[in-house]
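Subject: Structure for your review

Dear colleague,

Please find below the structure that I am handing over to you.

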Amino acid sequence: MQKEAAKSNISQIYITMNKLLKHSLFVGLAATQLPVLSAPANKPQNPNIVLIFMDDMGYGDLSCYGATQYKTPNLDRMAAQGIRFTNFVSAQAVCSASRAGILTGCYPNRVGISGALFPDSKIGLNPSEEIIPEILKKRNYKTAAIGKWHLGDHREFLPLQQGFDEFFGLPYSNDMWPFDYIGNAPQPNTFQFNCPPLFLMEGNEKVREIKTLGDQSQLTTIYTERAVRFITENKNNPFFLYLAHSMTHVPLAVSYKFKGKSEQGMFGDVMMEIDWSVGEIMKALEKNGLDKNTLVIFTSDNGPWLNFGNHAGSTGGLREGKGSSFEGGQREPCLMKWPGHIAAGTICNKLASTIDILPTLAAITTATLPEKKIDGVNILSLLLGDDNANPRETFLYYYRKNSLEAVRKGNWKLVFAHPGHTYIGFKPGADGFPGDTNWNFNFEEGLYDLRRDPGERYDIKKYYPEVVTELKKLADEARIDLGDDIQNVKGKNQREPGRISENKSN
């Protein structure tokens with residue numbers, strides 16, 4: 001069955017490419033320049049894959065998406081040489097859940113992960129879930145996770161037990177340490193007061209304590225250097241590199257190379273250093289002769305933490321931010337570059353999500369999909385420029401433990417009445433200190449046309465009752481499958497996270 005599935009995946013790629021050639025969808029490239037895929041006598045050479053995952057970076061934080069007062073030239077170049085998505089959404093608007101989504105290809109609540117896991121959490125991503133590195137290892141990929149993990153810090157939940165050959169980074173967010181957001185001793189009423197020391201990890205072992213903002217300022221450089229080393233050491237075999245930066249999550253910190261370089265202060269400095277990091281990855285690929293056969297993906301876990309003011313990013317005008325199922329919380333920049341396959345300068349306005357990355361990589365590499373149900377869809381047709389393709393028509397916006405807060409079909413989004421997170425009406429903090437927010441604001445039901453109103457400002461449900469009926473039917477089907485805490489519905493197809501016994505310690 002696996003061989004038949006692999007052949008089917010290859011055939012689909014050939015069919016899609018032939019259609020593209022016939023209809024000249026690769027703008028600016030002659031047909032003779034395009035790679036013609038035909039059934040090879042030997043095993044096809046799979047591309048290397050680099051997945052760069054940001055933290056708390058908003059839709060408006062790259063200059064190719066409208067950022068001002070600093071430039072991101074390497075990322076802008078990546079957009080110019082590949083595809084830029086405008087309707088790309090994260091799995092959920094919070095750290096651990098969004099990471100579970102991108103690695104499993106599932107809505108996070110399907111695999112039992114919600115919110116942000118704290119140090120010594122008794123749950124983590126269940127090792128029985130088959131995630132991206134595990135499906136790629138079946139195709140002889142070397143795999144590495146570098147940077148932030150945040151899917152459980154007990155040994156059985158760490159990357160080496162989840163299919164990665166290497167891990168170097170932090171077990172969770174960089175604010176989960178025994179200091180406040182500017183590096184001082186925390187106040188007793190803050191969660192940091194009870195946090196253990198924060199360590200960089202090599203594999204399963206703690207190797208270096210992160211004690212100061214000076215230590216944090218080295219993280220982006222350290223991750224980048226380690227990523228370049230992994231690329232160089234694995235240039236002779238296919239690899240999957242998952243580079244999950246700790247920035248732009250607060251506390252912000254930047255190396256001397258970029259400190260004070262932007263006109264936007266610390267946040268702009270940090271974004272300039274992230275852009276430098278992407279440039280170093282691209283240089284390493286080119287230096288090792290790998291750039292033509294590597295798919296590079298750049299996106300973020302959720303929107304900006306807006307109550308941190310000038311230490312937070314921008315939603316680019318979208319409503320709300322991190323912790324919200326409005327677009328500012330989940331719509332993210334997404335860039336992909338794959339020379340010879342993705343046409344330069346492509347802009348994709350179709351709906352896609354981080355949960356679609358796993359099935360797309362499976363299709364590209366002819367790897368078998370996980371045996372358990374996933375929610376992602378194969379978006380390879382969008383990468384290859386098929387204007388008629390529309391692989392994802394719907395999306396479910398879950399938050400909190402298992403609350404269905406909104407559903408989307410096409411450009412229509414129905415937001416249900418729910419208690420949620422709002423930043424509106426509160427003075428934001430500044431220079432590392434957070435301002436107030438309301439985590440239990442009572443949002444009313446509303447229908448929004450995201451084509452005309454991406455900021456979700458104008459409720460038009462009374463004008464389109466038939467659309468509301470259709471979207472509520474979609475929500476009812478989702479509740480049967482995944483449940484909904486708002487309506488006290490338990491789903492039929494949710495899976496348990498990994499668990500450890502209460503008396504077990506790290």
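Strands are DSSP runs marked E of at least two residues, numbered from the N terminus. In this predicted model, Lys148 belongs to strand 4, which covers residues 142–148.

Is Lys148 buried or exposed? Its relative accessibility is 1%, and residues under 20% count as buried; Lys148 is therefore buried. The side chain of Lys148 forms a polar contact of 2.7 Å with the side chain of Ser173. Leaving aside residues up to four places away in sequence, Lys148 also touches other residues, including Asp55, Arg99, Tyr223, His245 and His249.

In soluble globular proteins, nonpolar side chains tend to be buried together. Here the largest nonpolar core has 58 residues. Leu62, Ile231, Phe239, Leu241, Leu285, Phe298 and Leu335 have the most contacts inside this core, and helix 7 supplies its largest share, 10 residues. Beyond four places away in sequence, Leu285 touches Ile231, Phe239, Leu290, Asp291, Thr294 and Val296. Another core, of 49 residues, lies apart from the largest one; Ala145, Phe167, Cys334 and Ala352 are among its members.

Helix 7 (residues 266–287) also packs against helix 2 (residues 73–81), at an angle of about 55° and with the axes 7 Å apart. The two helices are therefore oblique to each other. In this contact, Pro73, Asn74, Leu75 and Met78 of helix 2 meet Asp275, Trp276, Val278, Gly279 and Met282 of helix 7. By class, 6 of these residues are nonpolar, 2 polar and 1 charged.

Yours sincerely

Technical notes: Residues are numbered from 1 along each chain as its sequence is written. This is a predicted model: local features need pLDDT of at least 70, side-chain atom pairs count only at pLDDT 80 or more; totals for chains, interfaces and linings use all residues. Side-chain values use heavy atoms; hydrogens and water are left out. Axes are lines fitted to C-alpha atoms, for helices over the stretch in contact, and angles run from 0 to 180 degrees between N-to-C directions. Helices (H or I, at least four residues) and strands (E, at least two) are DSSP runs, numbered from the N terminus. Angles under 35 degrees count as roughly parallel, over 145 as roughly antiparallel, 65 to 115 as roughly perpendicular and the rest as oblique. Contact means heavy atoms within 4.5 Å. Ala, Val, Leu, Ile, Met, Phe, Trp, Tyr, Cys and Pro count as nonpolar, Asp, Glu, Lys and Arg as charged, and the others, Gly among them, as polar. A nonpolar core is a set of buried Ala, Val, Leu, Ile, Met, Phe, Trp, Tyr and Cys residues joined through side-chain atoms within 4.5 Å. Buried means under 20% relative accessible area, exposed over 50%, partly exposed in between (1.4 Å probe, protein chains only). A polar contact is a pair of N or O atoms within 3.5 Å; within protein, one must be able to donate a hydrogen and the other to accept it, and residues adjacent in sequence count only if both atoms are side-chain atoms.
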